[in-house]
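Hi,

Here is the structure I promised to pass on to you. Have a look at it first, and then read on for what turned up in it.

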Amino acid sequence: MKLKIVEYPDKKLREKSTKVKEFNSWLHKLLDSMNPIMINTNGIGLASIQIGIAKNILILNIPNEDGEQPDENLLEIINPVLSNQKGETTYQEGCLSVPSFYEDINRFETVSVAYQDRDGNHHSIEADGLLSIAIQHEIDHLNGILFIDKLASSRRRKFEKEYKKMLKERKHKGK
Ligand code: Y12
Ligand code: CO
């Protein structure tokens, strides 16, 4: 599968993803292709809408203390349902679909998530720390929400200006 990351302001990122009903080889191939694109771009999370597929699919690989992302850390989350959101935390987030921009975002500190794996088996986890933040960020993607939507309006305006400038410079450089 040839994959390219969809970048803001592409409207595709606003689509609402739909439930996965078949846990077949198409799904397995998609998941297998998402992992290298996430790892090779230094990502820790990727939702399938970010590669143009509006399905409730996301992957996460939270780095170890030494910054490595071994395959054992890979979480493949299909049809997630969030519950038990508690507390508050702030983290400087970035997104592969919004390159070169990082900002402090408020999230719940802990969450529970029920989900299915690539074979349709049901699981649930309780998450805190970076995993909790990453799950919330990626589930937002499934609902067409980006982390920049959570910025205060003055900060959002500043972002739009800076981002347009970055895109212009990138185009100029032929990237
Ligand atoms: C905390 C923070 C972010 C998340 C959501 C997942 N976000 C990412 O994985 C972001 C990755 C990212 C990687 C970049 O590096 C490259 O593209 C090589 C990057 O740099 C540039 O765009 C230049 C930006 C973001 C969850 C929890
Ligand atoms: Co993102």
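One term before we start: a residue is called buried under 20% relative accessible area, exposed over 50%, and partly exposed in between. Please also keep in mind that this is a predicted model.

With those cut-offs, R14 counts as partly exposed because its relative accessibility is 32%. D149, at 30%, is partly exposed too. R14 and D149 form a salt bridge, with their closest N and O atoms 2.6 Å apart. R14 sits in the segment before α1 and D149 in the loop between α2 and α3, so this pair ties together parts that are 135 residues apart in sequence. R14 and D149 also belong to a network with R156 and E160, joined by salt bridges that share partners.

In the whole structure, the search finds 14 salt bridges. Another of them is between D32 and R118, at 2.7 Å from N to O. Here helix α1 holds D32, while R118 lies in the loop between β6 and β7, so the bridge ties together parts 86 residues apart in sequence. D32 is partly exposed at 44%, whereas R118 is buried at 19%.

Enjoy exploring!

How values were computed: Residues are numbered from 1 along each chain as its sequence is written. Chains are lettered from A and ligands numbered from 1 in the order in which they are written. This is a predicted model: local features need pLDDT of at least 70, side-chain atom pairs count only at pLDDT 80 or more; totals for chains, interfaces and linings use all residues. Side-chain values use heavy atoms; hydrogens and water are left out. A salt bridge is a side-chain nitrogen of Lys or Arg within 4 Å of a carboxyl oxygen of Asp or Glu. Helices (H or I, at least four residues) and strands (E, at least two) are DSSP runs, numbered from the N terminus. Buried means under 20% relative accessible area, exposed over 50%, partly exposed in between (1.4 Å probe, protein chains only).
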